[in-house]
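Subject: Structure handover

Hello,

Here is the structure we talked about. Please open it first, then read the notes below.

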Amino acid sequence: MELMLPALAAVLVAAGIYLVLSRALIRLILGLSLISYGVNLGILLAGAGVRQDAPPLLTVAGPYNDPLPQALILTAIVIGFGTTALLLVLSMRAYQATGTDHVQELTERPDPVTPPVLVADPERPSVSPEIGPAGDEEAMGS
């Protein structure tokens with residue numbers, strides 16, 4: 001039973017490294033998440049350590065564990081969720097723009113060309129992009 005949690009942490013990190021080495025963006029993101037979960041479990045196991053007596057100013061009976069590793073892991077979990085969500089949104093947008101999710105193809109493919117921005121005419125300001133310039137109301141049927 002003592003070796004089960006360190007073995008689980010090692011399996012999580014190993015699976016994460018395997019997924020990071022693949023070519024798809026989604027697998028890369030899942031691999032990074034698995035690595036962070038394995039590291040969090042390793043920090044928790046290292047922070048448990050040996051049982052200690054109560055702190056000097058507390059008169060609580062029983063063993064005492066340091067709460068600092070648990071606080072660090074909680075912070076790492078929250079930050080990990082945020083970065084995973086950001087990476088998923090960025091990978092989805094990259095797939096929409098390029099049509100592929102393979103990392104090698106993304107690096108070799110040129111950036112998508114954006115249409116040129118028309119220069120605004122200060123003499124004839126536009127009302128909205130749907131209506132067009134202010135002088136074209138007759139064409140719209142108004």
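The protein chain has 5 helices and 2 strands, where helices (H or I, at least four residues) and strands (E, at least two) are DSSP runs numbered from the N terminus. Along the sequence their order is α-α-α-α-β-β-α. This is a predicted model, in which local features need pLDDT of at least 70 and side-chain atom pairs count only at pLDDT 80 or more, while totals for chains, interfaces and linings use all residues. Residues are numbered from 1 along each chain as its sequence is written, and side-chain values use heavy atoms, with hydrogens and water left out.

Of the 142 residues in the protein chain, 13% are buried. Buried means under 20% relative accessible area, exposed means over 50%, and partly exposed is in between (1.4 Å probe, protein chains only). The chain exposes about 11,200 Å², and carbon and sulfur atoms supply 69% of that area; accessible areas come from the Shrake-Rupley method with a 1.4 Å probe, and for residues only the protein chains shown count as cover.

Helix α1 covers residues 4-20, which is 17 residues. From its first C-alpha to its last it reaches 24 Å, close to the 24 Å expected at 1.5 Å a residue; the expected span is 1.5 Å times one less than the number of residues.

Which residues of α1 are buried? They are A9, G16 and L19. These residues cover an arc of only 95° around the axis, so they sit on the same side of α1; the arc is that of the directions from the helix axis to the C-beta atoms. M4, V11 and Y18, on the other side of α1, are exposed. The cover over the buried residues of α1 includes α2 (25-48).

Leaving aside neighbours within four places in sequence, L19 is in contact with R27, L28, L30, G31 and L34, contact meaning heavy atoms within 4.5 Å. L19 and S33 are 14 residues apart in sequence, and their C-alpha atoms are 10.0 Å apart in space.

Helix α3 (residues 68-98) gives the most to the patch, with 3 residues. L87 is found in α3 and is partly exposed, at a relative accessible area of 34%.

Regards
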